Amino acid sequence: MKKIILLSLFVLLQYELPAQNGKYANVNGAKIYYETYGNGQPLVMLHAFSGSHKLWEQWIDTFSKEYKLIIPDLRGHGNSTNPSKIFRHKDVAQDIYALMDNLEISEFNAIGVSTGAMALIHMATMDSTRIISMIMISGVFYNPEQAREFQKKRTFESYSKEELSWLREHNPQGDDQIKILTDQFRNLAFTYDDMNFTKPYLTQIKCPTLIIHGDNDAYFPIEIPVEMYRAIPNSSLWIVPNGGHFPIWQELWSDQFVKVAKLFLADKFR
Amino acid sequence: MDSMLIWRFYIGEHLNTMKVIILFSLFILIQNEVTAQNGNYAYVNGVKIYYETYGNGPPLVLLHPFSGSHKLWEQWKDSLSQDYLLITPDLRGHGNSTNPSNEFRHDDSAKDIYALMDKLDIKKFRAIGVSSGAGILIHMATMDSTRINSMILVGASSFISEQEREHVKNQTFESYSEEDLSWLREHSSKGDDQIKMLIDQFRSFAYSYDDMNFTPPYLSLIKCPTLIINGDDDEYYPVEIPVDMYKAIPNSRLWIIPKGGHLPIWQKLWSDQFLKVSKQFLVNKL
């Protein structure tokens, strides 16, 4: 009996591991968890603050047919660690470059949402040679007042049941992890030197850039993506009607997103 | 012998049947033509407005852009007429419609469309307008906030931009390419004189200030749900214009199409999505 249970457990574990494709990389003092899928040109997918690699689940199958997907948990998120207990988008940007170095990937495409998109702004301005093309969803180049007001009020106690269960799904290291993330999120309200790009600075982004934003984003008003579109030389702007902070996760838009993203990443978007 | 007679009789009868079948098919073909066109004229404000109607359901008016015609809606006609009574007019001076004034103002056209709706006994309706068609809808929705249930504005602007003025002021019949002309001829059924008149009117947009002239407070009078669709690459209307309109119109949604030009919904990548999104929007589910 014991043997059978052990064997089944073993089989289950075996099954778990390759399905997850999960690995760790030690970079900049943090342990970064990442999953990889498929083959082809590398495509990095960066999730939003307090989320994890799981945010991209629904598109893994379709994108991994054409790309080698690299889907990390940002520092402190998901299975990744963050001993510094401080969250700066710039640090995340350095983590991702270091992860790419570890994987011996020189050039890559990237998709980022919210915090993931903001890490991409850092990456593309730090080094204009490594990102082939990038899609920024709900990103901003500075943290506006609306968002700060919201961030200020965030405490562990303020979460609804649904929010907590979402947070726990993405952050398996327990409620202490969620509490740290919440503190870091609240801290964004008082941070000025991290997401702080003037328009001339944004012109340093040289890769083709697709900016996607919801017209109804409660934190980041559409004037910001419009300004970004004006400042980034090789950019296109997609505003999604009645779109919130995760505009293309809606059923009406997700297929169109895949269609447009694939054309864009293949440099066939005209 | 008997069988031979019967056979000849049969042939004779069959020939008659053949004749009847051929005549009947011709009749059906003609009937089909007429119902396929569904064309009618309405006399309003001193002009003769041509319009076509299709389908059944709540009325949905489709307004084409300047120098186009009802024919522009061809690809979505079948799908939209399943849910709506489509009314696709030719704007004054366009297609089969007349315009004795030789002048084109969006506010005149707005009155034409309201008068056409009156003739058809239609009180309330939904509407989609492209470019000039959208400009007309802005006039209609600010003139009377009670008759439009919801509307979609494509390639719209609340004023004539500098870019557009620059573009139109040098337009002449002679400046058009063969390709442009064949497009214009397809839509303007009354010949090159009609096209020349439209080009003169188009050129005069460069000096028109009091027709398309909506400040944000004026736009705030628009009460119906409004979906604004523009291209990020529109050569006439930079995205700041639709963004300002979105901010000013209370019950509005904004869709900016990446790599979208002035008429982005006809771009292959987006036309199906346009239909999908429009259908949801028109039933208040967007």
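Strand β8(B) is mostly covered, with six of its six residues buried. The model is predicted. In chain B, 10 helices and eight strands make up the secondary structure. Of the 286 residues in chain B, 42% are buried. Among contacts in chain B between residues at least 6 apart in sequence, 76% link residues at least 24 apart.

**Strand β8 and its surroundings**

- Burial applies to both faces of β8(B): S252(B), L254(B) and I256(B) are buried on one side, and R253(B), W255(B) and I257(B) are buried on the other.
- Strand β7 of chain B (residues 226-231) runs parallel to β8(B), and six bridges join the two.
- Within this pairing, I228(B) has L254(B) of β8(B) as its bridge partner.
- A right-handed β-α-β unit is formed by β7(B), α9(B) and β8(B).

**Contact between chains A and B**

- Chain B contributes 19 residues to the contact and chain A contributes 17 residues.
- On the side of chain B that touches chain A, at least two residues each come from α9 (240-248), β8 (252-257) and α10 (268-282) of chain B.
- By class, the residues on that side of chain B are 12 nonpolar, two polar and five charged.

**Helices α3 and α4 of chain B**

- The axes of α3(B) (residues 106-119) and α4(B) (residues 132-143) come within 8 Å and cross at roughly 70°.
- Helix α3(B) makes the contact through H106(B), D107(B), S109(B), A110(B), I113(B) and Y114(B), while α4(B) uses S132(B), G135(B), I136(B), H139(B), M140(B) and M143(B).
- Six nonpolar, five polar and one charged residues make up the contact of α3(B) with α4(B).

**Residue G93 of chain B**

- G93(B) is located in the loop between β4 (85-89) and α3 of chain B.
- G93(B) counts as buried because it has 24 C-beta neighbours inside 10 Å, where the cut-off for burial is 20 or more.
- Leaving aside residues up to four places away in sequence, G93(B) touches T98(B), N99(B), F104(B), M197(B), L198(B) and Q201(B).
- The C-alpha atoms of G93(B) and D193(B) are 11 Å apart in space, although the two residues are 100 apart in sequence.

Note on methods. Residues are numbered from 1 along each chain as its sequence is written. Chains are lettered from A and ligands numbered from 1 in the order in which they are written. This is a predicted model: local features need pLDDT of at least 70, side-chain atom pairs count only at pLDDT 80 or more; totals for chains, interfaces and linings use all residues. Axes are lines fitted to C-alpha atoms, for helices over the stretch in contact, and angles run from 0 to 180 degrees between N-to-C directions. Helices (H or I, at least four residues) and strands (E, at least two) are DSSP runs, numbered from the N terminus. Two residues are in contact if their C-beta atoms, placed from the backbone, lie within 7 Å. Ala, Val, Leu, Ile, Met, Phe, Trp, Tyr, Cys and Pro count as nonpolar, Asp, Glu, Lys and Arg as charged, and the others, Gly among them, as polar. A residue is buried if 20 or more other C-beta atoms lie within 10 Å of its own, exposed if 12 or fewer, and partly exposed in between; C-beta atoms are placed from the backbone. Two strands pair if DSSP finds at least two bridges between them. A crossover is right-handed if, with the strands pointing away from the viewer, the path from the first strand over the helix to the second runs clockwise.
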